[in-house]
Number of protein chains: 2
Amino acid sequence: MFDNNAIVSVRDQIANQLRADIINGTLIENTKLKEHALAERFGVSRGPIRDVLLQLSKEGLLVSKNNCGVSVNTAPDTSLQPLMINIRIDIESFALKTIANTLDDKDFSYLEELLLKLQKAFEQQDYALVTDLDISFHRFFVYKAGGEDLVNLWQPFIYRMRMNYKRLDTADACIDEHQGILNALKNNDSKSAVKALKANIK
Amino acid sequence: MFDNNAIVSVRDQIANQLRADIINGTLIENTKLKEHALAERFGVSRGPIRDVLLQLSKEGLLVSKNNCGVSVNTAPDTSLQPLMINIRIDIESFALKTIANTLDDKDFSYLEELLLKLQKAFEQQDYALVTDLDISFHRFFVYKAGGEDLVNLWQPFIYRMRMNYKRLDTADACIDEHQGILNALKNNDSKSAVKALKANIK
DNA sequence: AAACAATAGATTGTTAACAATAGCCAGTTG
DNA sequence: CAACTGGCTATTGTTAACAATCTATTGTTT
């Protein structure tokens, strides 16, 4: 996940693209996705496409009915939102507490760089990239604390939640909140980090 | 999920079988699963098998490395267990509170029947079935409260947790705990239901 | 005209052959 | 003797054709 080898499988590339389209609203709710059309779009056969659709269904972004194809899932019912927020906070607080005092300079510069890119993405109004970087920032903690394993449990929540608020905070607030988390980590102050996190998740 | 049509896709049948094998310990950690062998075992081609492996990887029961096949995942690190227990309780408490006062006789008799089967499975020492029925009991709440959507978020946690304790409680304790939840629901006492739930999850 | 049945088209589910890749073992070289 | 290169085998990744299923339309019947 955070190793040097930047090779990404065809499947993951397609999955990332479709995920982005759904989260950004390019693909609207209930849109039916046809395997053949997607295969043509990405220049592969239907096999890998089916893999991707299955994957995204497991993540909750798509819903699939037997022999009836898959379509873009509706945003989760708002009644679920408080629950999902709680769980995100549970997981990410756990992560922050776990990794506090274990980060080195390389980790910090990775996060700093992420925030710089985030700032730039805001300036260029590239909101797809904003979302991507935002998620990457949080994923870093989760991965550090619980590895691929915990990331797999955590990811569906964040993806599903993102379907609800297409509109993001103002740039300044978002950057500040993330910077708050990062600063607290630098000071080995996990309590403040969690506090900053809670301000960020809503 | 709980509708009459009992038709289950080939994919799901195979997935259920493999899941059971992993949770029950028939398939031990780090066992490498070969697509061709599985295809032969289940009498299908490699296509559906690949789908299943991808699905179970998303659930965390398997891990997959590019071009290197999939193998049975190790049980989650014990440091994650408190977190996972919390989240299960979060979700299932939410579910119990949500559905309290909404259940009808049909629901209750479904749950009663489940407990009867559970008792029988214990008597016959069919622990695979015990696990299955236990999970079904809890899934009922979660589905009622949040539909397929919430089930998808919840399921990976329960599967992953089940990898840790192969050994189940004694029959009596397990039945009693579930009966406690059911009784509280019948009395529309969601508070007691949650309390009984917390006793059950550990 | 409304309801039902049959048919045609489109779409997914499955299969088997083909291509690419990783791991392993032998043979070679310093 | 250790380390490396090369090819071989086993396994996964991909493809395109075929089978099964669903949707919609059209035609028939009452």
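The entries below go from the whole chain down to single residues.

**Ground rules.** I am reading a predicted model, in which local features need pLDDT of at least 70, side-chain atom pairs count only at pLDDT 80 or more, and totals for chains, interfaces and linings use all residues. Residues are numbered from 1 along each chain as its sequence is written, and chains are lettered from A and ligands numbered from 1 in the order in which they are written.

**Chain A, overall.** I started with the secondary structure and found eight helices and three strands in chain A. Helices (H or I, at least four residues) and strands (E, at least two) are DSSP runs, numbered from the N terminus. Along the sequence, chain A reads α-β-α-α-β-β-α-α-α-α-α.

Next I looked at dimensions. The C-alpha atoms of chain A fill a box of roughly 55 × 40 × 35 Å along the principal axes.

Buried requires 20 or more other C-beta atoms within 10 Å of a residue's own, exposed 12 or fewer, and partly exposed is in between, with C-beta atoms placed from the backbone.

**Domains of chain A.** The domain assignment gives domain 1 (10-72) and domain 2 (78-200); such bounds come from an automatic or database domain assignment. Their C-alpha centres lie 26 Å apart. Eight residues from domain 1 of chain A and eleven residues from domain 2 of chain A make the contact, where contact is defined as C-beta atoms, placed from the backbone, within 7 Å. On the domain 1 side, I count three nonpolar, three polar and two charged residues. For these classes, Ala, Val, Leu, Ile, Met, Phe, Trp, Tyr, Cys and Pro are nonpolar, Asp, Glu, Lys and Arg are charged, and the others, Gly among them, are polar.

**Where the chains meet.** I found 22 residues of chain B in contact with 22 residues of chain A. On the chain B side, α3, α4 (81-99) and α6 (127-162) each give two or more residues. α6(B) gives the most, with seven residues. By class, that side of chain B has eleven nonpolar, seven polar and four charged residues.

**DNA strand C.** Near means a C-beta atom, placed from the backbone, within 6 Å of the molecule or strand. The elements giving two or more residues to this surface are α2 (35-42) of chain A with α1 (10-23) and α3 (46-58) of chain B. α3(B) gives the most, three residues.

**DNA strand D.** Here too I found 15 surrounding residues, and the closest are V10(A), V44(A), S45(A), G47(A) and G69(B). α3(A) gives the most to the surface near DNA strand D, with three residues. This surface divides into four nonpolar, seven polar and four charged residues.

β2 (residues 62-65) and β3 (residues 69-72) of chain A pair in the antiparallel sense over four bridges; pairing requires at least two DSSP bridges. L62(A) stands opposite V72(A) in β3(A). The hairpin has three residues between its strands, and N67(A) takes a positive phi near 60°. Most residues other than glycine have a negative phi. N67(A) counts as exposed, with 6 C-beta neighbours inside 10 Å.

**Another positive phi.** N188(A) has a positive phi of about 55° although it is not a glycine. N188(A) lies in the loop between α7 (171-186) and α8 (190-200) of chain A. N188(A) is exposed, with 12 other C-beta atoms within 10 Å.

**A look at L150(A).** Is L150(A) buried or exposed? L150(A) counts as buried, with 26 C-beta neighbours inside 10 Å. I placed L150(A) in helix α6 (residues 127-162) of chain A. Leaving out residues up to four places away in sequence, L150(A) touches V142(A), A145(A) and L80(B). L150(A) and I91(A) are 59 residues apart in sequence and 8.5 Å apart in space, C-alpha to C-alpha.

Key: Two residues are in contact if their C-beta atoms, placed from the backbone, lie within 7 Å.
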